[in-house]
Amino acid sequence: MDFFLKAKTVRLRSHHDKYLLAEDDEESVSQDRNGSPKTARWTVEPVPGSDSIIRLKSCYGKYLTASNQHFLLGMTGRKVLQTVPRRLDSSVEWEPVREGGQVKLKTRYGNFLRANGGLPPWRNSVTHDIPHRSATLDWILWDVDVVENRVLQSLTGHAHYLQKIVSHSDSLDFESTSPPSISIKSGDYLGHGSSDSNASSPQKSDGRTIYYHVADKSTVVDDDANEGCSLNFKGNGVDELTQKLKEDTGLEDIVVCTRSPLNGELYPLRLQLPPNNADMHVILVQPSSKAARDFAEQGTPV
């Protein structure tokens, strides 16, 4: 797991010296010797509640998935795909197992991510399986190239930051052209490989990180309890963010909300996001959820 602890984006290089690639059909995966395209980059997403399980997301926003489909009839290997399941389940969860300077990626059912060699159709294919022949034992070993390091933010720092950026207006209308003054303590951020507690916070120049949770049908998740899912967003409008979140979650009808630090209530976001590309923590409300019914009772338009 230490390969991925501080990694935000990685490339995986197989025993055949080829990179795990997300095909542009946005469904299949393969291997290729060229690791420079964005399709060779995978975003590492920790699984809440576990310090040993991760998810890997392609540049298309889809998860590396251990499917139940046989790669070839009569063979034990099963297909590895890119998918966006309606509910994130064990098929998109991988357990990194260190082996010397390399790693094996194990499914929750004991299979391993395997880079196949040989003649077509096996050549450059990727399956999940348990190798039984000594000649293929190394095919489940991967080198991990860290492309981008993760910035770890403390919960205390996140709460402090929220109190600074959230408007006191019930509608949370961020039309103000006067950016808030945000003071971040040096201990709120930990950069990869830095042991200096006085290290300055990193500059954010390429969009902002949106952390999100989905409210279920009966209640709203405790969004402060864990980090949840996240995506990078370069825009500034709520409509654009809503569309991006729909694509990321596969949900058709959502309202993007935030929780006021003043009274703990949820309010729909309006018009513009806060300035300065500051990271945000939002909750996605569906029409069938308890939060939507609460909005209706309060007379808040959703």
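Q: Is Gly 207 buried or exposed?
A: In this predicted model, residues are numbered from 1 along each chain as its sequence is written, local features need pLDDT of at least 70, side-chain atom pairs count only at pLDDT 80 or more, and totals for chains, interfaces and linings use all residues. Side-chain values use heavy atoms, leaving out hydrogens and water. Buried means under 20% relative accessible area, exposed over 50%, and partly exposed in between, with a 1.4 Å probe and protein chains only. Because the relative accessibility of Gly 207 is 7%, this residue counts as buried.

Q: Where in the chain is Gly 207 placed?
A: Strands are DSSP runs of E with at least two residues, helices are runs of H or I with at least four, and both are numbered from the N terminus. Strand 14 covers 189-190 and strand 15 covers 208-214. Gly 207 is in the loop between strand 14 and strand 15.

Q: How far is Gly 207 from Asn 232 in space, C-alpha to C-alpha?
A: A contact means heavy atoms within 4.5 Å. Not counting residues up to four places away in sequence, Gly 207 touches Asn 232, Phe 233, Lys 234 and Asn 277. Gly 207 and Asn 232 are 25 residues apart in sequence, and their C-alpha distance is 6.4 Å.

Q: How many helices and strands does the secondary structure of the chain have?
A: Of the 302 residues in the chain, 43% are buried. Among contacts with a separation of 6 or more, 60% involve residues 24 or more positions apart. The secondary structure comes to three helices and 19 strands.

Q: How many residues are in the second, separate core?
A: In the largest core, Leu 12 is one of the residues that touch the most other members; leaving aside neighbours within four places in sequence, its contacts include Phe 4, Leu 20, Leu 56 and Val 144. The second, separate core includes Ile 210, Cys 229, Leu 241 and Met 280. The second core has 18 residues.

Q: What is the relative accessible area of Arg 114?
A: Arg 114 is placed in strand 10. Apart from residues up to four places away in sequence, Arg 114 touches several residues, among them Trp 122, Asp 129, Trp 139 and Trp 142. Arg 114 is buried because its relative accessible area is 10%.

Q: How many residues apart in sequence are the parts tied together by the pair of Phe 71 and Trp 122?
A: Rings of Phe, Tyr and Trp (its six-membered ring) pair if their centres lie within 6.5 Å; planes under 30 degrees apart count as stacked, over 60 as edge-to-face and the rest as tilted. A search of the whole structure finds one aromatic pair, the tilted one of Phe 71 and Trp 122, with 5.0 Å centre to centre and 40° between the planes. Phe 71 lies in the loop between strand 6 and strand 7, and Trp 122 in the loop between strand 10 and strand 11, so the parts tied together are separated in sequence by 51 residues.

Q: Is Arg 108 buried or partly exposed?
A: Arg 108 forms a salt bridge with Glu 93, the closest N and O atoms being 2.3 Å apart. Glu 93 is buried, with a relative accessible area of 10%. At 44% relative accessibility, Arg 108 counts as partly exposed.

Technical notes
A nonpolar core is a set of buried Ala, Val, Leu, Ile, Met, Phe, Trp, Tyr and Cys residues joined through side-chain atoms within 4.5 Å. A salt bridge is a side-chain nitrogen of Lys or Arg within 4 Å of a carboxyl oxygen of Asp or Glu.
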